[in-house]
Amino acid sequence: MRDYNKGLFGDKMNLDKQKSDCADIPGCVRRLSNGERLFLGSIQSNVAMAARIVGDVSEKYLLHAINAARRMHPLLGAKVIFDDQHDAWFSTDNVPETILRTVPRTSETQWVDEIQREHTMPFKLETGPLIRFVLVYSSQISELIEFSNHGICDGIALANLIRDILVFYAEPAKEIKVIEPPLSTGYLQRDEGPSSSKSIGEDAINNLNLQWRKSPHYFSQEDFIEIHKAYWEKMQHGIVLLQLDPEETSTLVAKCRENGVTVISATTAAFLAAYQDAIGPFPEDRSIVGIPYDLRRRLSENVGNAFCLFVGALLFPFAYDQKKSLWENCQEIHSIIQKDIEMLNTTSPEIGLFDPTLIDACFSFAPLMQFVPEAFKRTDNLSAFARDTKNIAFMLSDSRKNRAPAILNTNLGHLNYPETYGDLRLDRMLFVPPAVRLVPLILGGVGVSNRLVFSLNYIEQVKDNGPSPTENMIQIRNRALEYLGFPEKANDRAI
């Protein structure tokens, strides 16, 4: 078993060293980090980006552009190979062609239906590729959807990929320069602040690894697919949008600047206040805010527009104080975020110290045994794991349930992309992060072409006679609009 303690917080991980380590694996790109592996096998962790494009999109030219982008970004054409020690490696060897599915556009909301459909189809991790594309087409307006396993990318990577594809679409002969996917782990710091008070510690992790290795379980592509099918037969990804036109976007940005805060601080506070008004206050131990952030913009070193998972994430306690104004709450959130991001702090930096096969069990399989017990009868691996009820993975999984944040807010910010690409115009982007059952508020924001759009993401049961969470989410969105100064935009529609 390899030593996973090395290289996490010291020198940056060297891609050439990574490649030499997997010289025996055909088409090897590099080994997965534990953070990538955490998302790789989680059936709740797919991520999507939709771009609304004005103009008549050629399917032939679009597929050519997607394939050009695949040559530029190795992980677009990657699969995962597990070696004899159960380490996971990205490989581009013998990976099938990229999938582009084209469907006629029948409404402005059809892109949501297509994302919901994509969620029902599992990625074949050991076959690849780990990203798919859908063109919701009409001759005037289309949506290009990227639907990806979160283990190979983050929101900024997906947004940059839209731009790269449109550039290759407009310039088919453009030179292709390969951008290797760096590892984020060496760039992140251990957080010594209040948010790390529940960190586990190296000695404790070593003890957990020892316990795990006495009774390990190793999972396959077949196991992942069975869990995925069972979950998405029961559940559906719901989306409610908050959309601001260019003038409204400028107004909100000006208000934020006037109060010395950012849009992410303002939207975080507004949705927390809106949730309290609509549903009620969060329990004291659940008053936690999670803020993922892009490392590419924060480093002195230039890592380029790499397509990979390259993020940090903040997790800090915060309860919205109704005795204070929205902007006073925003300023408190802003102060915490700015301080931690400047230090490149991140939550759970010790995750790299865990045995990666324990990561698989704890994050991808144990949390779902009670929710989809039928799936754990379908393969020998899953059945054996389900019977091992005293396994350390179940204990760790149960302990995480009480530490889930109240809100996760990812704002990709204003992206200064060109608006026109040949005869096409980029109208807006719609970022759809994963929806997780244990997190009540999950936001994904992105601004292009002077339009700001936030998606509010949630999980709902497909066959449920009870009240739909959609009505609550619309109410929360409408109340957040009021807090942000746009009460006239409240309506009874989700999209």
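**View 1. Val54 meets its partner in strand β13.** The bridge partner of Val54 in β13 is Arg425. Around this spot, β2 (residues 46–54) and β13 (residues 424–432) pair in the antiparallel sense over 7 bridges; two strands count as paired if DSSP finds at least two bridges between them. Strands (E, at least two residues) and helices (H or I, at least four) are DSSP runs, numbered from the N terminus. This is a predicted model, in which local features need pLDDT of at least 70. Residues are numbered from 1 along each chain as its sequence is written.

**View 2. The open sheet.** Here 6 strands run in the order β5-β6-β7-β2-β13-β12, with mixed pairing. β5 (100–104) and β12 (420–421) stand at the edges with a single partner strand each, so one side of each has no neighbour in the sheet.

**View 3. Helix α4 on the sheet.** Helix α4 (residues 110–119) lies across β2, β5, β6 (131–137), β7 (141–149) and β13. Its direction makes about 25 degrees with that of β7, where axes are lines fitted to C-alpha atoms, for helices over the stretch in contact, and angles run from 0 to 180 degrees between N-to-C directions.

**View 4. Helix α11 under cover.** In helix α11 (residues 356–365), 9 of the 10 residues are buried, among them Leu358, Ile359 and Phe365. Buried means under 20% relative accessible area, exposed over 50% and partly exposed in between (1.4 Å probe, protein chains only). The cover includes α2, α6, α7, α12 and α13.

**View 5. Met395 in helix α13.** Met395 sits in α13 (residues 392–401) and is partly exposed because its relative accessibility is 48%. The C-alpha atoms of Met395 and Ala366 are 9.0 Å apart.

Conventions: This is a predicted model: local features need pLDDT of at least 70, side-chain atom pairs count only at pLDDT 80 or more; totals for chains, interfaces and linings use all residues. Side-chain values use heavy atoms; hydrogens and water are left out. Contact means heavy atoms within 4.5 Å.
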